[in-house]
Amino acid sequence: MGVARILGQTFDRGRFYEILWLRGFSVREKFKSSFIIGFSQCVPLLKTATWKNGTDCCSWNGVTCDTVSGHVIDLNLGCEGLTGTFNPNSTLFHLVHLQTLNLSYNDFFDSHFHYKFCGFQSLTHLDLSDSNLEGEIPTQISHLSKLQSLHLSENYDLIWKETTLKRLLQNATDLRELFLDSTDMSSIRPNSIALLLNQSLSLVTLNLHYTRLSGKLKRSLICLASIQELDMSYNDELQGQLPELSCSTSLRIIDLSGCAFEGEIPMYFSNLTHLTSLTLSNNNLNGSIPSSLLTLPRLTFLHLYSNQLSGRIPNASLPNLQHLIHLDLSKNLFSGQIPSSLFNLNQLYTLDCSKNKLEGPIPNKTTGFQELNDLRLNDNLLNGTIPSSLLSLPSLVHLVLSNNRLTRHITAISSYSLKKLDLSGNKLQGNIPKSIFNLANLTLLDLSSNNLSDVIDFQHFSKLQYLKTLSLSHNSQLSLTFEPNVNYNFSYLSKLDLSSINLTEFPISGKVPLLDSLDLSNNKLNGKVPDWLPETMNSLTFLNLSQNMFTSIDQISMKNEQL
């Protein structure tokens, strides 16, 4: 069958090249051979490894053809490990009937976003994310009028001009997903962004994370009737107040973090009844949390950390957040007591109220925290005892209560999922509960800077076989005993701090292959440093033996030492 008969009466050069692809001829080989196929960061690897000469390309991995016309309509070579410069004469541009093109997560270094990408006029989905493209986006991108999804993320030197974006939004009336994060939009005025976006009636997802927008954003109206997901985060030179979003009532996810926004949290957020995730962290927001914000019935993520928010955490509104999974209010100026209703949110997985000015006792009733995985209340002014119910939560993995004013004894611990337990910097008294040595998954144990008084056989700590950090320092009434001729096995231990606990003998010998930091300062160690210290701790980079009574330390030779 001749080419003319295959093509019909009119010679179609693009279709001719497609036929060569379909039959596995050299045009396909030229495309494949124009790049080095190297390391791929994704799994599964290398679809092109299945491409064989003389076979129908419609059977190749990553290639989809129309079942009627035979045209190649979908080319997916994302994460293929392709490396090289994109040639404007690439045979790729002969596939004129493409509807979906994915070349993301390859390395086309020194390649520009060529205008020929804009010749795929049937294209509905284009993904060139993280492909190391550079230069100015061509104005011809507006020719892709059928686009529904455009992903250009993480091409840091890809430059947008205002007129180019304007034409694209005017022509691509079906555009639903626009991911421009980590591209360069620095030449576009921030208030123009709102005007441009308001032209789109179809956008559902918009990502402008770290697009280098700068300047003062007036309280302009971003009114996208269909928008559901909006990310403008980490444009840290963008100033002003939070943009008005009150007419975008379909919003489910908002991330406006890291933008230096100031002022109070506006009341309009309470009108966004479909909202499931709100992130306003790392700004300069002040004032209190509006009670109405805590009435959103579908909210699962609320991140307000690293602001200047103050006042009390609203207690009466919290019971409305029955679907809340992650709550982060850390690094603010919140005061008053921890609301008891907070501890009745049954779905909470993460709760971080650290680095505030919260005071008073930790609420006793924690039975609602059955799903809680991570609890951080450190660096506050909390006092009273640690509730025993808190130490028996079944799913708890991280518990950080350090740098408060907690007192009295540590009760038995039965949260056997714990990996991180940090109770340092308090006023805790009495014995170390023996139940700690049953926490088989523990990787960090920090009980330093308390008033603990106990006699502990150091061998018990070797039961914690996954332990990476152990700190018992600054407990002047704590005493450690060591069995003679016992070699302790700490396979993962990297940091050991036993300073200021009146040690009279070296704590460890044996296998500690990963130890990086050892602090035994301000104790009562005397005589010579043991011969095995420099021999068995080859990974050690920090050693503090100061304020002891050694007579010789000559045998120690290290990269970094403090004596």
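Author: Strands here are DSSP runs of E with at least two residues, numbered from the N terminus. The model is predicted. Aspartate 379 sits in the loop between β26 (374–376) and β27 (381–384).

Reader: Why is aspartate 379 called partly exposed?

Author: Partly exposed lies between the limits of under 20% for buried and over 50% for exposed. Aspartate 379 has a relative accessible area of 28%, so it is partly exposed. Its phi is positive, about 60°, although it is not a glycine.

Reader: What makes serine 449 partly exposed?

Author: The relative accessible area of serine 449 is 34%, which falls between 20% and 50%, so the label is partly exposed. Serine 449 also has a positive phi, near 55°, and is a residue other than glycine. It is found in the loop between β32 (444–446) and β33 (451–457).

Reader: Why does leucine 275 count as buried?

Author: Its relative accessibility is 0%, and buried means under 20%, so leucine 275 is buried. Leucine 275 lies in the loop between β17 (261–263) and β18 (277–279). Leaving aside residues up to four places away in sequence, it touches several residues, among them Leu251, Ile253, Arg298 and Leu299.

Reader: Why does tyrosine 156 count as partly exposed?

Author: At 40% relative accessibility, tyrosine 156 is between 20% and 50%, so it counts as partly exposed. Tyrosine 156 lies in the loop between β9 (149–151) and β10 (157–159). Tyr156, Tyr210 and Tyr234 form a nonpolar surface patch, with about 280 Å² of accessible area together.

Notes
Residues are numbered from 1 along each chain as its sequence is written. This is a predicted model: local features need pLDDT of at least 70, side-chain atom pairs count only at pLDDT 80 or more; totals for chains, interfaces and linings use all residues. Side-chain values use heavy atoms; hydrogens and water are left out. Patches are made of residues with over 30% relative accessible area and no salt bridge: like charges are joined within 9 Å, nonpolar side chains (Val, Leu, Ile, Met, Phe, Trp, Tyr) within 5 Å. Accessible areas come from the Shrake-Rupley method with a 1.4 Å probe; for residues, only the protein chains shown count as cover. A salt bridge is a side-chain nitrogen of Lys or Arg within 4 Å of a carboxyl oxygen of Asp or Glu. Helices (H or I, at least four residues) and strands (E, at least two) are DSSP runs, numbered from the N terminus. Buried means under 20% relative accessible area, exposed over 50%, partly exposed in between (1.4 Å probe, protein chains only). Contact means heavy atoms within 4.5 Å.
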